[in-house]
Each structure stands twice: as C-alpha cells, then as structure tokens.
Amino acid sequence: MAEPMIRSHIRFLLNGEEVSLSDVRADETLLDYLRLRCRLVGTKEGCAEGDCGACTVLVGRLAGGDLVYEGVNACIRFLASVDGCHVVTIEHLRGENGALHPVQQALVDYHGSQCGFCTPGFVMSLYALWMRNPRPSDRDIEKALQGNLCRCTGYEPIVKAARAVSASGRLEADFLVRERASVAARLKGLRDGARVEIGAGKGRLVIPADVDDLARVLEAEPQATIVAGSTDVGLWVTKFLRDIAPVVFIGGIEELRSISTVNGAIRIGAGVSYSDAFAVLSEKIPALGSLIERIGGDQVRNMGTIGGNVANGSPIGDTPPPLIALGATLTLRKGHNRRSLPLEDFFIAYGKQDRAPGEFVEAIEVPLPAAGAHFAAYKVTKRRDEDITATLGAFHVLVGADGNVQSARIAYGGMAATPKRAPTVEAVLIGKPWSMQTVEAALPAYEADYKPISDMRASAEYRMLAAKNLLKRFYLETTGTKKPITIRRYEEA
Ligand SMILES: Cc1cc2nc3c(=O)[nH]c(=O)nc-3n(C[C@H](O)[C@H](O)[C@H](O)COP(=O)(O)OP(=O)(O)OC[C@H]3O[C@@H](n4cnc5c(N)ncnc54)[C@H](O)[C@@H]3O)c2cc1C
Ligand code: FES
Ligand code: FES
C-alpha cells in the first residue's frame, strides 16, 4: 500500500465561496465556525446536542456521481468533516434584492414563525425536503420535521407552509438545482486523494485518504477517537467538554459508505448513514426500515451511522437488538487483518466491547430473514418521535409446517448493561406450538434473562412488563389476531 500524499488544510465550499483552512481544531464544530469565525449568525444554537434543529444547515456531498444535499445539525457536526463538501447556510437563500426563497415565502404566508429563533432551521429542513420531493405527503412532512422543535408557533402553520412551498416557487428555478452540475464539478476538483493531517496534541486531526489508509493511521495512532457521523461524539464535546484529540474522521471514506446485497445478506459499510441504509432496509427488511424512522430526526439520520450505533456499545442503541435477532456479524479490521464476529459477542459488558486498540468496524453483514420467518422490532419511548429507547424488543421466529416454533432469536435493548439476547425465553419457545399458551409459559423466563434498572426513562418494573408484553404483541401480530400498529397520520392526530 503506497502512502498517500499529505494535505495540511481542509477545503470546502461555503455558500458560493471556496474555503481553505489550516487552523482547524479537531473538536471545532461547524456551528462555532459559522457563527464565531464567519459571523454567519442566521444559523442558531438552541440545544447544542442535535435535538432542536435550530442549527440546521445543508451539506452537499458527492455520492457516486451524484450531488446530494442533506440537512445536518451544525452544532454536533465537526468542521473538519465537511472537507470536500458544499455547506449551505440560511444566508445563501437570500434572493435578488432580498427576495424571499419559496420556503421562506410559504412560512410568511402561513404564519409559520413567531419569535423566529427556530425558523432558519425549519427553513433549511423544508428546503432539503423540497429539493428531494417537491410534492410531499403529510407523512413526508412530518418525518422531515421530526428533528425541528418550535416552542411558540405550534406546528400546524408550519405544516401548512410545508404543503404550499411548491405554490411559492418552481424547483427548477432554484439556484442549488440550477447550479448542481457546476457545484458537482467544483467538488470533484477538490478531490485529490490526499490524507489530511492538521495540528498536534490536543488539536490533532486526521482524515484518511481511503479505507486502507484508515487502517494504517489507526495502527500508528491506536488511541485516536474515531468519528463517523459524530451524533454521539459531538455531544462528548458540547455537553461533556471532553478532549477527543487526536481524532480520525471516517465519515467521508467512500468504501465505508457502500451498502449491497450479497448471497442473501445485506452488507452495510460501517460509514453508511441511517438515511442511506433506509432505502435498502425498508425494501428488504421493512420492520428495520420502520425502526430507522424512529431514530432521531432527519438531520441525525443523515449524519449518524449504523456502524457508530454498534461501535458505541450503548445498551439503548436501537439497531443492535434487531441486528442480533437477525444473526448479524461484524467485520473488524486492524491493519491488513480482518476478523468476523457474531454481533452479540461484540458486547462484553457496559462500556466494554471486543475491539482491540487500532481496530475498527469495517462492515456489518445482516442475513435476510428466512422465507416464512416472522421478524419485528418494537421501540418503547415516552414520546413517539426523536426519543431515546426505554426498552426495545426484536423478535425473529420461524414456525414450522407443524405449527411448532423451529427457531427463535429474541434480543432487547434497555434491559441489561448491553444489548442482549433472551436465551431462556427462546429455549421455552423452541419446539412448542406457536400459541398464546406457549407465549404465556415463556414470560417467567424473562426474570432469568434480564435484570433491568430504573432510570429517568422507565422503572425496572415498567421495563420488565413492557418487554413481556412485546412478546405477546409479536405473537398477536404474527398470527393475524392483531394488526400491526401503524403510525398515525398528521391529520388524524
Ligand atoms: C438528537 C439525537 C437523537 C438520537 N436518537 C437516537 C435514537 O433514537 N436511537 C439510537 O440508537 N441512537 C440515537 N442517537 C445516538 C446516535 O445517533 C447513534 O448512536 C449513532 O448511530 C452514532 O453513529 P455516529 O456515526 O454518529 O457515531 P459517532 O458519534 O461518530 O461515534 C460513536 C462511537 O462509535 C465509534 N465509532 C464510530 N464508527 C466506528 C467504526 N467504524 N469503528 C469503530 N468505532 C467506531 C466512535 O469512536 C464513538 O465511540 C441520537 C443522537 C442524537 C444527537
Ligand atoms: S442547536 Fe439544537 S440541534 Fe443543534
Ligand atoms: S417561532 Fe419561536 S421557537 Fe419557533
């Protein structure tokens, strides 16, 4: 493997200008850069933890040959991670002679703003939606706004404005749409195949040139913090004021962003975002697709990766339980060496994963459920959208022609110090008729498999009861006794 050339600055487009920066700290957020250094103060800071959406900006990146714009939370996105991208802020929407952008005009027409603090964030989210779907359904609008909070207007006028954007202007006339080809060409011109290395000590950051270079960099600096989408690590900086340097940014590594179906399994590169995974998973394993819609808001889903959700080892990460239930395996890589590990064995104890220094998650392989197998994942939270799991149950059960359970893989989040299977419950089910009587007989086995804790999300008793009830729900849904609960549409609320 030849060493790549080294660049000591990042390069990106900010609105219409090309920016080249060598004074970038590893933990400098995009929001601080925009507000404090560029004085682009239209982008607001509300929560600084990815929840409120006031800081939403668009980031355009080349995906294959295509230029894709996505809303992201500038408050938890690190500046260095926009190397090679196009950052678009609310200031760039100003039309000739100060004319309003169609999204802004619609918000004015439908009284979608009061104090205005949240408004730039809503504008950017609705702009991203409009660009990918000029005639969105109410469900599309609801999903696009999951990551934006408004504390004074109320959502009804904002949703009305969202429905009316296309009446306020033509998408073909929009400047980002018109300039797509020239911006793509400019971004291609920024690609030089170099590794970026900036700073030393507490400010040091590295952006590897490709996945082989990542392996090389991590062997040389095994203590470095790996940052993919930064939807966890961003908060270590903004909320916990932790030193994270040296940092290795992997979010732009193309090889890690690929998702494919090979021999009856889906291979998800560790850098695939939730949004990119959604298109494939919602088609191949619809229950997993629906679950992704319950993770954060669009901005978090555009940044956050399934690789990061697994690697962080959280007991309440949403994807590990369904992936364990499906029998997923991880590919871990250190230097030239790769090893494969069943996902359930990766989680050793709270905060402890089977990952050596200098090793990284390269991909996750998810076998498709066998024909006729039942698979579902249920997330229990206090609030439906943008909330963290109290408990999450994932069920993968195959019932034979004789009506008996042939195989069962059941895993939960929020019930133990790690995402964890339910071996005792599974053992009670296997070989028995798939009936409510069998399900009832399996419920006491939960006490052997799990000892949940009480915390701000739920009491231990609630978690245990909810976990047992999810098995009943799964049984009722698989036998057609009860229809799957569908998401309420906005107008029915
Ligand atoms: C507002 C908000 C809402 C959220 N809602 C949810 C939710 O509903 N459900 C949920 O599960 N999570 C949620 N999260 C948490 C977060 O989005 C996920 O855990 C996400 O998947 C992390 O991925 P990332 O790429 O952002 O990881 P990062 O923050 O970049 O990294 C997370 C951890 O993984 C490590 N890491 C990342 N990639 C690799 C790799 N390839 N190899 C080895 N180590 C690696 C990092 O070093 C770090 O320790 C939310 C976060 C926010 C801010
Ligand atoms: S400031 Fe609230 S999401 Fe960024
Ligand atoms: S208009 Fe005030 S917070 Fe939304």
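A residue is called buried when its relative accessible area is under 20%, exposed when over 50%, and partly exposed in between (1.4 Å probe, protein chains only). Helices (H or I, at least four residues) and strands (E, at least two) are DSSP runs, numbered from the N terminus. The structure is a predicted model, in which local features need pLDDT of at least 70 and side-chain atom pairs count only at pLDDT 80 or more, whereas totals for chains, interfaces and linings use all residues. Residues are numbered from 1 along each chain as its sequence is written, and side-chain values use heavy atoms, with hydrogens and water left out.

**Helix H8 and the sheet**

By the burial criterion, helix H8 is mostly covered, with seven of its ten residues buried. These are Val211, Asp213, Leu214, Ala215, Arg216, Val217 and Leu218. Their cover includes strands E7 (195-198), E8 (205-207), E9 (225-227) and E10 (247-249), together with E13 and E17. Helix H8 (residues 211-220) lies across E13 and E17 and runs at about 130° to E17; angles run from 0 to 180 degrees between N-to-C directions, and axes are lines fitted to C-alpha atoms, for helices over the stretch in contact. At the start of H8, the backbone nitrogen of Asp212 has a side-chain oxygen of Asp210 within 3.2 Å.

E13 and E17 belong to an open sheet of five strands, ordered E11-E12-E17-E13-E14 with antiparallel pairing; two strands pair if DSSP finds at least two bridges between them. Its edge strands, E11 (259-262) and E14 (337-342), each pair on one side only. On average, neighbouring strands are turned by 25° against each other, direction ignored. Strand E13 (residues 329-334) is joined to strand E17 (residues 360-367) by five bridges, and Leu330 stands opposite Ile364 in E17.

**Packing of helix H2**

Helix H2 packs against H3 and H5, as tabulated here.

| Helix pair | Angle | Axis distance |
|---|---|---|
| H2 (residues 102-109) and H3 (residues 119-132) | about 120° | 9 Å |
| H2 and H5 (residues 155-168) | roughly 130° | within 8 Å |

Contact (heavy atoms within 4.5 Å) between H2 and H3 involves Pro102, Val103, Gln104 and Leu107 of H2 and Thr119, Val123, Leu126, Tyr127 and Trp130 of H3. Towards H5, H2 uses Pro102, Val103, Gln105, Ala106, Leu107 and Asp109, which meet Ile158, Ala161, Ala164, Val165 and Ser168 of H5.

Note on methods: Chains lettered and ligands numbered in written order. Polar contact = N/O pair within 3.5 Å; in protein donor to acceptor, adjacent residues only side chain to side chain.
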